[in-house]
Amino acid sequence: MRITPEPTMRRLPHYLHFLKRQLENGVEKISSTIIAQALSLDSTQVRKDLEYTGVKGKPKTGFFVKELIQAILEFLTWTTRRDAFLIGAGNLGSAMLGYNRFREYGLNFVAAFDTDENKIGSEIYKVPIFTLDKIPSMARRMNVQVGVLTVPAHAAQTATDLLVEGGIKAIWNFAPTYVKAPKEVVIENHQFTESLAALTRKMVEVDFHLEKYRLSNLEGNRT
Ligand code: NAD
């Protein structure tokens, strides 16, 4: 199996969303150039990325939209159902439990875990909440593969250890900290602040360059 470059993996959902919108608008065939233009990418890059899915575009026709959508879904294994546990049913955790789209992508929350006694025994979006000590045995019994961490940073490692004890294969961590697990466990850290840092820094830099451009135009007008 070819190793997929990480930027390719991260771009594939963007193609998928765009292609789904095209299909809804009745578009049946599409070229990599159109996809590239719509997503402000290079068309060679788009072609290379899409090659990983195994679907080949034809020189004049391009890609069949439906076929390409299916190929991306299969490549990302989003056609396979994966049961998941969520640890920390607070603001972010509840929002994730209520986000129906995850099911479309195969991620199916079957239980959540929390330390708050008011939440234990209740349900959020029909997902039952349990105490943390139940994680290992329930994960093994239910063959749960994915653990989602939406706990405070200080609680993330303990939750990870319980998930690992339960034989979990992957951890999607939203807490602003890094967690440790054996190397066979896939860990994906999602730091909101990473993208916020890029946003705020880019704002300053764009402002700086616009101001520089404005000043150089003023100078030019004076001479
Ligand atoms: P929250 O306080 O609303 O929810 C945290 C939940 O974790 C609560 O239900 C709490 O009872 C539970 N909890 C506390 N200690 C626990 C423990 N030891 N084990 C299990 N559960 C425990 O917080 P939130 O806003 O949902 O944020 C959760 C995590 O996600 C934090 O690490 C936060 O930094 C991160 N995060 C949140 C957002 C957001 O939009 N809310 C955005 C980015 C990152």
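The domain bounds used in this tour come from an automatic or database domain assignment, and the model you have open is a predicted one.

Begin by colouring the protein chain by domain: select residues 6–75 for domain 1, 82–190 for domain 2 and 194–223 for domain 3.

Next, select helix α1, which covers residues 6–24, together with helix α3, residues 43–51, and turn the view until you can follow both axes, which come within 10 Å and cross at roughly 100 degrees. Because angles of 65 to 115 degrees count as roughly perpendicular, α1 is described as roughly perpendicular to α3. To see what makes the contact, show T8, R11, L12 and Y15 on α1, and Q45, V46, D49 and L50 on α3. Among the residues of this contact, four are nonpolar, two are polar and two are charged.

Finally, select the ligand and the 19 residues around it, of which N91, L92, D114, K119 and V151 come nearest. Looking at the oxygen atoms of the ligand, you can trace one to a polar backbone atom of V151 at 2.7 Å, one to a backbone N or O atom of N91 at 2.9 Å, and one to a polar backbone atom of G90 at 3.4 Å.

Terms used:
Residues numbered from 1 in each chain as written. Predicted model: local features only at pLDDT ≥ 70, side-chain atom pairs only at ≥ 80, totals over all residues. Heavy atoms only, no water. Axes fitted to C-alpha atoms, helices over the stretch in contact; angles between N-to-C directions. Helix = DSSP H or I, 4+ residues; strand = E, 2+ residues; numbered from the N terminus. Parallel < 35°, antiparallel > 145°, perpendicular 65-115°, else oblique. Contact = heavy atoms within 4.5 Å. Nonpolar A, V, L, I, M, F, W, Y, C, P; charged D, E, K, R; others polar. Near = heavy atom within 4 Å. Polar contact = N/O pair within 3.5 Å; in protein donor to acceptor, adjacent residues only side chain to side chain.
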